[in-house]
Amino acid sequence: MPSAVPPVPSVLDLAPVVPVVVVEDAADAAPLARALVAGGLPAIEVTLRTPAALDAIRAIAGEVPDAVVGAGTVIAPEQAGEAVAAGARFLVSPGWTDVLLAAMRASGVPFLPGVSTTSEVVALLERGVREMKFFPAQAAGGTAYLKSLAGPLPQARFCPTGGIGPDSAPDYLALPNVGCVGGSWMLPADAVAAGDWDRVERLAREAAGLSAGARSR
Ligand SMILES: O=C(O)C(=O)C[C@H](O)[C@H](O)COP(=O)(O)O
């Protein structure tokens with residue numbers, strides 16, 4: 001575990017694009033994270049979908065000081081503490097329950113519970129949570145849905161994730177209630193499998209550039 005890493009104030013304000021990573025081999029984690037950081041994407045969500053995920057978080061936290069590593073796919077309460085113990089500095093879930101929310105709150109790091117409906121947004125606002133993941137973004141209504149939410153619920157801010165690519169990311173980032181977008185498009189499975197970190201870095205740089213363009217519109 002790294003010592004004295006600064007706390008993360010808000011997940012949505014870390015970086016406009018958050019790569020969502022599925023790590024099969026923990027040995028890939030540090031080089032992959034270095035490529036993302038070098039390309040301009042320091043906030044990295046490692047999904048807890050594989051047995052290697054906690055070791056991957058540990059490796060990035062320990063070996064890539066410029067990365068801000070978080071855990072994604074947090075779906076069971078015990079995973080919140082396990083992820084933070086491994087070095088995760090933020091937590092993301094694809095959906096939420098009150099039990100999961102309590103565990104994420106207790107973890108002491110910022111978190112994004114996942115929502116896909118208006119009622120869930122209202123329920124989270126009722127519980128004092130204003131920052132959320134919108135998942136699965138494209139399938140659940142995309143930019144049109146988020147635009148519609150901004151009228152009645154302007155206090156809710158989102159990190160849309162799921163089905164977003166370089167073509168759609170700028171449209172999401174231009175919305176007032178979007179803080180960042182998540183996605184895996186800069187991590188093609190074949191590039192990761194081949195250890196082609198130059199390609200990952202190139203795609204990360206393009207993703208970082210996209211977001212700059214969207215913000216200045
Ligand atoms: O595992 C999770 O917790 C998820 O929420 C799923 C991820 O967010 C998506 O797999 C990333 O989206 P893609 O860019 O469409 O690959």
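Guide: A residue is buried if 20 or more other C-beta atoms lie within 10 Å of its own. Keep in mind that this is a predicted model.

Visitor: Which strand does Leu112 lie in?

Guide: Strand β5, residues 111-112.

Visitor: And what is Leu112 in contact with, leaving aside neighbours within four places in sequence?

Guide: Val11, Val92, Glu131, Met132, Lys133 and Cys159.

Visitor: Switching to the core. Which residues of the largest nonpolar core touch the most other members?

Guide: Ile57, Ile60, Ala83 and Leu91, out of 73 residues in that core. Helix α2, residues 53-63, supplies the largest share of this core, with seven residues.

Visitor: What does Ile57 touch?

Guide: Not counting residues up to four places away in sequence, Ile57 touches Val46, Val69, Ala71, Ala83, Ala86, Gly87 and Ala88.

Visitor: Ala83 again. Which residues of helix α3 are buried?

Guide: In α3, residues 77-86, the buried ones are Gln79, Ala80, Ala83, Val84 and Ala86. They cover an arc of only 155° around the axis, so they sit on the same side of α3.

Visitor: What covers them?

Guide: The cover over the buried residues of α3 includes α2, β3 (68-72), β4 (91-92) and α4 (98-106).

Visitor: Which residue takes a positive phi just after α3?

Guide: Gly87, with a phi of about 120°.

Visitor: Now the sheet. What is the order of the three strands?

Guide: β6-β7-β8, in an open sheet with parallel pairing. β6 (114-115) and β8 (157-160) are the edge strands, each pairing on one side only.

Visitor: How many bridges link β6 and β7?

Guide: Two, in the parallel sense, with β7 spanning residues 131-134. Val115 has Phe134 of β7 as its bridge partner.

Visitor: Last topic, the ligand. How many residues surround the ligand, and which are closest?

Guide: 15 residues surround the ligand. The closest are Thr73, Pro94, Thr161, Gly183 and Ser184.

Visitor: And what is the shell made of, by class?

Guide: Five nonpolar, nine polar and one charged.

How values were computed. Residues are numbered from 1 along each chain as its sequence is written. This is a predicted model: local features need pLDDT of at least 70, side-chain atom pairs count only at pLDDT 80 or more; totals for chains, interfaces and linings use all residues. A residue is near a molecule or strand if its C-beta atom, placed from the backbone, lies within 6 Å of it. Ala, Val, Leu, Ile, Met, Phe, Trp, Tyr, Cys and Pro count as nonpolar, Asp, Glu, Lys and Arg as charged, and the others, Gly among them, as polar. A nonpolar core is a set of buried Ala, Val, Leu, Ile, Met, Phe, Trp, Tyr and Cys residues joined through C-beta atoms within 7 Å. A residue is buried if 20 or more other C-beta atoms lie within 10 Å of its own, exposed if 12 or fewer, and partly exposed in between; C-beta atoms are placed from the backbone. Helices (H or I, at least four residues) and strands (E, at least two) are DSSP runs, numbered from the N terminus. Two residues are in contact if their C-beta atoms, placed from the backbone, lie within 7 Å. The arc is that of the directions from the helix axis to the C-beta atoms. Two strands pair if DSSP finds at least two bridges between them.
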